[in-house]
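Visitor: Could you walk me through some of the terms used for this model?
Guide: Gladly, let us take a look together.

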Amino acid sequence: MFGPVEQSKSYPLFYKMPAGPGHYFGRLSAGRLYGQKFLIAFLVELSKQWFGKHARHPFGIGDIAAEDGRRLPDHVSHNTGAAVDLFVIHKNGAKRNGGTNRITYRDKEYDSAKTTDLARMISIKANEYKLVQFLYNDPNVQNTVRSAPPIQTHKGHDEHIHLLFNGQHPHTDEKLDRILGIKSLSERLREYLHVLIPSDKLLWFGSRGRMVQALQVIINRLGPSLLSLLKEDGIFGPKTNARVREFQLQNRLTADGIVGPKTKKALADGVLKIQAKGG
Ligand SMILES: [Zn+2]
């Protein structure tokens, strides 16, 4: 249901909110969908839960933060990647996504009951994720939803909910990775081991195919090496040959460049070491 969660290329603390069926993105938000991992996990859980109940009425996601974590000149409170704006619910499930195309709690097409339910779902998760600021001006929602912190009125918040978290959530990185479907390095490498290990086929100079590619992916991540990283192209050429011999020497194996059971076992042991270190 959710696309893979990408890490920011310019700011490793941030992750990009993936598209999903429970929400849509604001028109002006394209470069501003990056936030801390816990916030993206919160939004992914909220979106899944929301979709399970209100599949035809997605909520909108406006600004989170910029990919590189710089200050948004017009939206300073968002630069930490711990705040998000949510557009409220239209009766027809229409995507009223910001600018002049927006809906406020005073409009006829505004769905107060569903927006109240959205606020309630948020309030249930508020303590777990350490919400510290919850802004939205609809008095009906304010009076119906008991939330800590309470829902407060703030200028400009007639058409969107603003949430700010303090970042002190109790979740481990592993738990957030599970919510976001992010695989650890050792998990990904184990998938390549499944390609490489079960076959009796020997690999050496001139071999080609998926098994050679799996070998290249794994060996590239088992350092240290004095050689440059291999192209992961499935072609066992001179560079792969040199790297395999180096790896064999490092692991006290015969440095013949032939990948058989002993070399495969050493590759598997290398992946286990990464796993043991928590990678
Ligand atoms: Zn905001």
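Guide: V271 sits in helix α8, residues 261-276; helices here are DSSP runs of H or I with at least four residues, numbered from the N terminus. This is a predicted model, where local features need pLDDT of at least 70, side-chain atom pairs count only at pLDDT 80 or more, and totals for chains, interfaces and linings use all residues. Residues are numbered from 1 along each chain as its sequence is written.

Visitor: Which residues does V271 touch?
Guide: Leaving aside residues up to four places away in sequence, V271 touches S186, L189, R190, L193 and I218. Touching means that the C-beta atoms, placed from the backbone, lie within 7 Å.

Visitor: How do you know which residues join α5 and α6?
Guide: By that contact rule, L189, Y192, L193, V195 and L196 in α5 meet R210, M211, A214, L215, V217 and I218 in α6. They divide into ten nonpolar, no polar and one charged. Arg counts as charged, along with Asp, Glu and Lys; Ala, Val, Leu, Ile, Met, Phe, Trp, Tyr, Cys and Pro are nonpolar, and the others, Gly among them, polar.

Visitor: What describes the packing of α5 and α6?
Guide: Their axes are 8 Å apart, at an angle of about 145 degrees. Axes are lines fitted to C-alpha atoms over the stretch in contact, and angles run from 0 to 180 degrees between N-to-C directions.

Note on methods:
Helix = DSSP H or I, 4+ residues; strand = E, 2+ residues; numbered from the N terminus. Contact = placed C-beta atoms within 7 Å.
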